[in-house]
Amino acid sequence: MNRSASNRWVLQLSARRTALYLGVPALVALVLQLAMGASFPVVLLAALIGAAGFLAFMSLGAYNAGAWLALFYVLGNVLVAIYAKTLMGQTLGSHLYTPVDSFIVLGVSSTALLVALLLVRAINLGAPLLKPTDTPRDLRWLSWGSFTLGVLFWFVNQHFQKPNGGGFGGFAIFRDLLLMAVIARTALLLNRSEDRRTFDIGLGLIVLVGVLLGLLSNSKTQAALPVASYFATVLFYRRGLPVRQIMVLAIGGVFFLVVLVPMIQAWRYMGQQQLEVSQRIALMAEGAEAALLKGKLHRYVELGEIQFHNGYYDYFGGNGRGQQVLGRYASVQQIDPVIAEVNRQGAIGGSVIWPALTRQLPRFIYPGKPKYVEGYHILVDFGLINPMGGKYPTVPLAGQSYAGFGIVGVLFIPFFTFFGFLLAFKKLGWDLYRNVYAVFFFVEFIVVYAAQGTLGQYAGFVLRGAPVFVIVFWLLQRGAHLRWHRSDVQERAMQVQGMHDGRR
């Protein structure tokens, strides 16, 4: 680390320190849970699940992407639930149908992840496919090339997803190249300045465009990930974050949760996803004026909460209150109703498991592949949702496995899913330190899907997403090398010509 910047660090990235900061509050909360009358088996299971995640994280270290998968898995399934339920004065098992069974299922899947991670660490897979690059011209080419492709495919995807359009299929994944544009540009600035400079106008433009396109897509994830990509790159390049950046991150996070999240939910309720791009811009401008200038944010909060009323789970009580922020970080609430119905009606079988693999095939190869995700069929089959409602609900891997084959499914399916995923990630290159490719896949998948990921999403990364991005990054690398090789040849030719002219 550069000495001139050392006095600005507030925290060195450390696996043990991170586990301590997350684990001690969780332990205190669990003690309070017992004092509040929470079920001892539920509290014990929650403690064991958290311990499994912390053990995996500390075993591989804070610069290993697999370690972060384990940490985010327990964070999004159990830890946030522990913190939030305790602060809200609710016991950990309240508002769940089968709390003990649900936490047992999460305990089995968390253990499967720990075992898979330790096994993959011991396997020698040879050199990674994507080696880290620090060459300024390569990073510059990678950043602007990814930015151009990301914006282009965003507009193409919007064109084919008009109300009467047919969709753009798997090619929509190329929109996520905007994240690599942010990561590569940030890495370029850090390398050129010896880790002193992390931001410039070009990077600000890339981040701003990424956030705006995410808002136009009516996606909280797509709006947040460009910012997350920037901070993740700084974190893994500089081994920590300075005070001013932590303050910016905290303020930005509060603004995102308090203002943007309810507005995105409200726009979704108002049908933004079915509008033309120009109409979406008008709707967003009207909302920004009403919420930020006229003080009418509460109306958007109320509209956003309507979607969560009368849902098939309400873990935090209050008919949907808290779901806008906490819903994505307490996945126990999503698997619990499924587990309860399996216990009552019986498991469904492989029809909600194996299509997750066949759906990865392109439609021109398999025209009859399932149209809707397995989670939709699970919830409809159990009568938990209206078939005419949303077609893309989330049933995380543990719940999906239990829906298919009960506890036997949970014993095997998560393990082999995690094992295959981690093998692929390790072969790509899972060392996050100063590695733009590892940081990209970390933000692209682990940050988003670690807790709520389904079999289809894990399989999609291994069978489709990762290979496609490897090809794109290789082509961008080749383009950069050809571009600079041609420039070098032209420069040498001019030098030779200059020498000849001088002799004359």
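I looked up Phe469 and Phe473 and found both in helix α19, which runs over residues 455–503. They are 4 residues apart, about one turn of the helix. The model is a predicted one, and I keep that in mind for every entry here.

I then checked the ring geometry of Phe469 and Phe473. They form an aromatic pair at 6.0 Å centre to centre, with 20 degrees between the planes. I logged the pair as stacked, because planes under 30 degrees apart count as such. Both residues of this pair, Phe469 and Phe473, are buried.

Next I searched the whole structure for aromatic pairs, and the search gave 39. One of them joins Phe57 and Trp68, with ring centres 5.0 Å apart and planes at 80 degrees, an edge-to-face pair. This pair links distant parts of the chain, 11 residues apart. I placed Phe57 in helix α3 (residues 40–60) and Trp68 in helix α4 (residues 65–87).

Are Phe57 and Trp68 buried or exposed? I read a relative accessible area of 0% for Phe57, so Phe57 is buried. For Trp68 I read 9% relative accessibility, and Trp68 therefore counts as buried.

Last entry, charges over rings. Which ring faces does Arg239 lie over? I found Arg239 over the face of Tyr63, at 5.1 Å from the ring centre. I also found Arg239 over the face of Tyr433, at 4.1 Å from the ring centre.

Note on methods. Residues numbered from 1 in each chain as written. Predicted model: local features only at pLDDT ≥ 70, side-chain atom pairs only at ≥ 80, totals over all residues. Heavy atoms only, no water. Phe/Tyr/Trp six-rings, centres within 6.5 Å; stacked < 30°, edge-to-face > 60°. Helix = DSSP H or I, 4+ residues; strand = E, 2+ residues; numbered from the N terminus. Buried < 20%, exposed > 50% of the residue type's maximum accessible area, 1.4 Å probe, protein only. Lys NZ or Arg CZ within 6 Å of the ring centre and 35° of its normal.
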